[in-house]
Amino acid sequence: MKTILTGIRSNSVLTLGNYLGALLPMVRLANEHSKDYNVHIFVPDLHSIISDVDGDLRENTIRTLKYWLAAGLELNENIHIYRQSYVPAHSELCWILDCVATMGETSRMIQYKEKSKGQESCNVGIFNYPILMAADILLYDAEFIPLGEDQFQHIELARNLAIRFNNRFNAEIFTVPAKTSDQVKFMEVDTAIRIRDLLNPEKKMSKSTVAEGSKIMLDDAPEKAAKKIMSATTDSLGKVKFDMFNQPGISNLLQIEALVNDLPLSEVVAKWNGETKYGELKKAVAASVSTMLSDFQARLANISDDEVYRLLEAGEVYANKIANAKLLEVQKAFKLR
Ligand code: TRP
């Protein structure tokens, strides 16, 4: 059986943008494929510590896993849930891949360049991030890694490392992950979906934006979230049209309305196209978002820590077994064993 693998860092509470643009599409994909694929869902907690963590990392990890469940992940025996730091083979393979990767290719990673830009001293973890990520993927022979576009370069790096490693030892030790173009086909979703900042809709909604009104957090009270939608920046053109370039605020609201109600964007656009009272659209979106949030929060409150720990216990036994077997093959190739 082929493997699908993905993870979301849990440095803080997630935004509505993370939920609609990342979590929900991944949950749908997992539910669709978990009968004929192994599905690995893990929390890359070692990746979290390259930067500040809001609150307690362990609690954030448990909360993120509850998000997956509250978002509708249907569990079965093919779904494996674990924490990266509880599977030591990730760090160990990372070191070995450090000795396969070159400074040149790793220095070209856009995310590294952006994250290190302007920092007086950048930690080595920020640089090494994509190599650890390659280890996360290659340990389990994962073929499909559903992620947003900003991570495609990292998937390509993992592919290159797998190919180089296999060639060096003239053996198919790692499964080479699918090309990003095939990843996109597999996901069947528009990876360009980016929920925008409510006050500055030219930008992506981000948890690190200071202005409260810019973002909706998954733990916002539903009424508060509704108010944020009502205060969202629009434009002075006075006619609803889906046009991200000229009317990003309105287009963002249409996008949110579609995703929250699980409707095709085209249907929502057709319904609102030409509407001159922006307030009407805002009221509808505010109602949709607040209903979604209160349902989501109710589901979240019903998931106990014990339930999550039970899943982790089984998932980590399984993950260690698979990962250690792969690590041993790699160690043997290098004559470490
Ligand atoms: N880089 C991913 C993110 O920032 C998190 C991540 C780490 C990941 N390792 C991974 C995702 C391996 C998929 C596969 O969201």
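Predicted model: local features only at pLDDT ≥ 70, side-chain atom pairs only at ≥ 80, totals over all residues.
Author: In it, 11 residues of domain 1 are in contact with 13 residues of domain 2.

Reader: Which stretches of the protein chain form domain 1 and domain 2?

Author: Domain 2 is one stretch, 212–300. Domain 1 is written as two stretches, 2–192 + 304–333.

Reader: How many Å separate the centres of the two domains?

Author: The centres are taken over C-alpha atoms. Between domain 1 and domain 2 they lie apart by 31 Å.

Reader: How much area do domain 1 and domain 2 bury between them, and which residues of domain 1 lose the most?

Author: The two domains bury about 1,200 Å² between them. Carbon and sulfur atoms carry 75% of it. On the domain 1 side, three residues together give 44% of what that side buries. Those that lose the most area to domain 2 are L16, L20 and A70.

Reader: Turn to the ligand. Which elements each supply at least two residues of its shell?

Author: The ligand is surrounded by residues including L5, T6, G7, Y129, M133 and D136. Two elements each supply at least two residues of that shell: strand 1 (2–7) and helix 7 (124–138).

Reader: How do the shell residues divide into nonpolar, polar and charged?

Author: F42, P44, I145 and L147 are among the residues around the ligand. H47 and Q151 also belong there. The shell divides into seven nonpolar, four polar and one charged.

Reader: Which side chains place a polar atom 2.7 Å from a nitrogen atom of the ligand, and what share of the ligand's area does the protein bury?

Author: Q151 has a polar side-chain atom 3.0 Å from a ligand nitrogen. At 2.7 Å from a ligand nitrogen, the side chains are those of Y129 and D136. Taken alone, the ligand exposes 360 Å². Of that, the protein buries 91%.

Notes:
Residues numbered from 1 in each chain as written. Heavy atoms only, no water. Near = heavy atom within 4 Å. Polar contact = N/O pair within 3.5 Å; in protein donor to acceptor, adjacent residues only side chain to side chain. Areas by Shrake-Rupley, 256 points an atom, 1.4 Å probe, with all protein chains shown as cover. Helix = DSSP H or I, 4+ residues; strand = E, 2+ residues; numbered from the N terminus. Nonpolar A, V, L, I, M, F, W, Y, C, P; charged D, E, K, R; others polar. Domains from an automatic or database assignment. Contact = heavy atoms within 4.5 Å. Buried area = accessible area lost by both parts, 1.4 Å probe.
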